Amino acid sequence: MYYLIYKPYLMLSQFSKEGDKPTLADLPVTLARDVYPVGRLDADSEGLLLLTSDTALNHRLLNPRFRHERTYWVQVEGAITDEALARLASGVRISVDGKPYDTLPARVERIEGAEERLPPRNPPIRYRANIPTTWIALTLHEGKNRQVRRMTAAVGFPTLRLVRWAIEGLTADGMQPGEVRTLSRADLKAAHVL
C-alpha cells in the first residue's frame with residue numbers, strides 16, 4: 001500500500017496521540033494498519049508525506065546512500081540575495097545534535113507564484129507590510145532534523161512557511177491539506193521513487 005498525503009500545518013507525522021495535537025490518525029480516510037510514514041515533517045511544516053507498508057521502499061527513501069530528491073518551497077523573511085542563494089546551493093554549516101554539520105550541495109532558485117499554487121495556510125503567516133518575503137525552491141538529497149529552517153537561518157533569511165513540494169517526481173500540485181491519494185507501484189516508478 002502506498003499513500004501520498006498533504007500533511008496539514010500543525011499535524012504530527014505520526015499516528016499516536018501527543019496531547020491534543022492532530023495526527024495522521026485524524027485524516028478523513030481509513031488507512032491499512034501496517035502503513036507508516038516514510039520520514040517525517042515537523043508539525044510547523046506542511047506538504048507531501050509518503051505512507052507505505054513497503055519496508056524496502058522505506059529503507060530506500062530514508063537511507064542517504066540512495067540520495068533521493070526532496071524539494072521544498074520555502075517562504076523566507078526578506079528579499080533573499082544572490083549571495084545567499086549561492087551559499088545555500090554550495091552547502092552551509094548548520095548545527096545538528098549540537099555538532100557542526102556541513103550540508104551537501106543543493107539546488108535552489110527563486111520562484112514566483114508559489115502562493116497561488118499552494119493552499120492557504122491555516123492560520124496564515126503574519127503579514128508585515130514593511131518586511132518583504134521571498135519564495136525559493138530548495139532541493140535536497142539529505143534530511144537532517146529541521147535542516148531547511150537551519151539552512152535559511154544560516155544565510156540570514158529565516159523560514160516563515162515550509163512546504164515539502166515534491167518527493168522525486170511526486171508533487172503537491174493541486175492537493176489540499178489533509179488530502180490522501182492512493183498510489184500504485186507504477187505511479188512510484190513513473191515518478192522515479194522506485
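Contact is taken here to mean heavy atoms within 4.5 Å. By this criterion, among contacts in the protein chain between residues at least 6 apart in sequence, 72% join residues at least 24 apart. The structure is a predicted model, in which local features need pLDDT of at least 70 and side-chain atom pairs count only at pLDDT 80 or more, while totals for chains, interfaces and linings use all residues. Residues are numbered from 1 along each chain as its sequence is written, and side-chain values use heavy atoms, with hydrogens and water left out.

The secondary structure of the protein chain comprises 5 helices and 11 strands (DSSP runs numbered from the N terminus, helices being H or I of at least four residues and strands E of at least two). The radius of gyration is 17 Å, close to the 16 Å given by the globule rule for 194 residues, so the chain is as compact as a globular protein of that length (radius taken over C-alpha atoms; rule, 2.2 Å times the number of residues to the power 0.38). Along the principal axes, the C-alpha atoms fill a box of roughly 45 × 35 × 35 Å. Of the 194 residues, 46% are buried (buried, under 20% relative accessible area; exposed, over 50%; partly exposed, in between; 1.4 Å probe, protein chains only).

Helix H2 (residues 82–90) has Ala-84, Leu-85 and Leu-88 as its buried residues. These cover an arc of only 100° around the axis, which puts them on the same side of H2 (the arc being that of the directions from the helix axis to the C-beta atoms). An α-helix has 3.6 residues a turn, so residues three or four places apart point the same way. Asp-82, Glu-83 and Ser-90 are exposed on the other side of H2. The cover over the buried residues of H2 includes strand S7 (107–110), strand S8 (133–140) and helix H4 (147–154). Gly-91, which follows H2, has a positive phi, near 105°.

Pockets were identified on a 1 Å grid over the protein atoms alone, as open sets of points where a 1.4 Å probe fits, with protein on both sides within 12 Å along at least five of seven lines; lining residues have an atom within 4 Å of a point. The largest pocket has a volume of about 540 Å³ (the space filled by probe spheres set on the points, which are joined across faces, edges and corners). Of its 28 lining residues, Arg-40, Arg-70, Tyr-72, Gly-143 and Arg-164 are the closest to the centre. Helix H1 (55–62), strand S4 (70–77), H4 and strand S9 (159–167) each supply at least two residues of this lining.

The second largest pocket has a volume of about 300 Å³. It is lined by 18 residues, and Gln-75, Glu-115, Ile-125, Arg-126 and Tyr-127 lie nearest its centre. S4, S8 and S9 are the elements that give two or more residues to the lining of the second largest pocket.

Most residues other than glycine have a negative phi, and most peptide bonds are trans. A cis peptide bond joins Asn-122 and Pro-123, with omega about 0°; Pro-123 is in the loop between helix H3 (114–117) and S8. Glu-168 has a positive phi, near 50°, and is located in the loop between S9 and strand S10 (170–171). Its relative accessible area of 25% makes Glu-168 partly exposed. His-192 also has a positive phi, near 65°.
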